[in-house]
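Please take a moment with the sequence and the model before reading on.

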Amino acid sequence: MSDHPVSKSEERTLLRKLIFWSVNELADLPLQRRTWLNPPTPSPHWTYVEFCCSYPDFEQLTFYRDHNIISADEFEALTPLYDAIIAHAPPGSRLYDHVAILDDPAWHEVVALAERVRQRIIALVSDPDERQCLMDLA
């Protein structure tokens, strides 16, 4: 463990990257299919529930905007995706039936929106490390 606290700048950078990674994961149906059906590690992250829970909620997005972690334009781009995630109900309310979720046309609409958000954020972000978080995952 490091002896120095994380600076505000480092905290801001990490939070922004986490948000952008989440957008990227939500926009990538092939990644979801690969990792939800055959997780690369035993981590619970590789599930529909965790992908959705990893995305910041409205209060978090508002806090990030109000504390200059994200810009007003980024907030406007990111908020509709939160609304879509909350509105989505997996088929039969089965949160871990990944096959059904991945085949769900309503989920495909969320993924398509995530892709539009990803493209909009790419256009807003100039930092190369942040942009990389929005690019294809390895």
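**How the helices pack**

In this predicted model, helix α1, which covers residues 8–26, packs against helix α7, residues 105–124, at an angle of about 135 degrees, and the axes of the two helices are 8 Å apart. Angles over 145 degrees would count as roughly antiparallel and those from 65 to 115 as roughly perpendicular; α1 and α7 are therefore oblique to each other. The crossing in which α1 passes α7 is left-handed. On the α1 side the contact is made by F20, V23, N24 and L26, and on the α7 side by W107, V111, A114, V117, R118 and I121. Sorted by class, this contact of α1 with α7 has 8 nonpolar residues, 1 polar residue and 1 charged residue.

A second pairing involves α7 as well, this time with helix α5, residues 72–87. The axes of α5 and α7 come within 10 Å and cross at roughly 170 degrees, and since angles over 145 degrees count as roughly antiparallel, that makes α5 roughly antiparallel to α7. From α5 the contact draws on D73, E74, E76, A77, L78, P80, L81, A84 and I85, while α7 brings V110, L113, A114, V117, R120, I121 and L124. By class, the contact of α5 with α7 has 12 nonpolar residues, no polar ones and 4 charged ones. A114, V117 and I121 of α7 are among the residues that take part in the contact with α1, and these three residues are also listed in the contact with α5.

Within α1, the buried residues are L15, R16, I19, F20, S22, V23, N24, E25 and L26. What covers them includes α2 (29–37), α3 (48–54), α4 (58–66), α5, α7 and α8 (128–133). In α7 the buried residues are W107, V110, V111, L113, A114, V117, R118, I121 and I122, and their cover includes α1, α2, α3, α5, α6 and α8. An α-helix has 3.6 residues a turn, so residues three or four places apart point the same way.

**Residues in and around α6**

Helix α6 covers residues 98–103, and H88 is found in the loop between α5 and α6. Is H88 buried or exposed? With buried meaning under 20% relative accessible area, H88 counts as buried because its relative accessibility is 9%. Not counting residues up to four places away in sequence, H88 touches Y48, I101, D104, A106, W107 and V110.

In helix α6 itself lies L102, which is buried, with a relative accessible area of 0%. Leaving aside its neighbours within four places in sequence, L102 is in contact with L29, Q32, R33, W36, L37 and H108. L102 and S54 are 48 residues apart in sequence, and their C-alpha atoms are 18 Å apart in space.

A100 also has its place in helix α6 and is buried, with a relative accessible area of 18%. When residues up to four places away in sequence are not counted, A100 touches P91 and R94. From A100 to E115 there are 15 residues in sequence and 21 Å in space, C-alpha to C-alpha.

**Two loop residues with positive phi**

Most residues other than glycine have a negative phi. N68, found in the loop between α4 and α5, has a positive phi, near 60 degrees, and N68 is exposed, with a relative accessible area of 58%. S93, found in the loop between α5 and α6, likewise has a positive phi, near 55 degrees, and S93 is exposed, with a relative accessible area of 60%.

Definitions and conventions
Residues numbered from 1 in each chain as written. Predicted model: local features only at pLDDT ≥ 70, side-chain atom pairs only at ≥ 80, totals over all residues. Heavy atoms only, no water. Axes fitted to C-alpha atoms, helices over the stretch in contact; angles between N-to-C directions. Helix = DSSP H or I, 4+ residues; strand = E, 2+ residues; numbered from the N terminus. Parallel < 35°, antiparallel > 145°, perpendicular 65-115°, else oblique. Left-handed = near helix turned anticlockwise from the far one by under 90°. Contact = heavy atoms within 4.5 Å. Nonpolar A, V, L, I, M, F, W, Y, C, P; charged D, E, K, R; others polar. Buried < 20%, exposed > 50% of the residue type's maximum accessible area, 1.4 Å probe, protein only.
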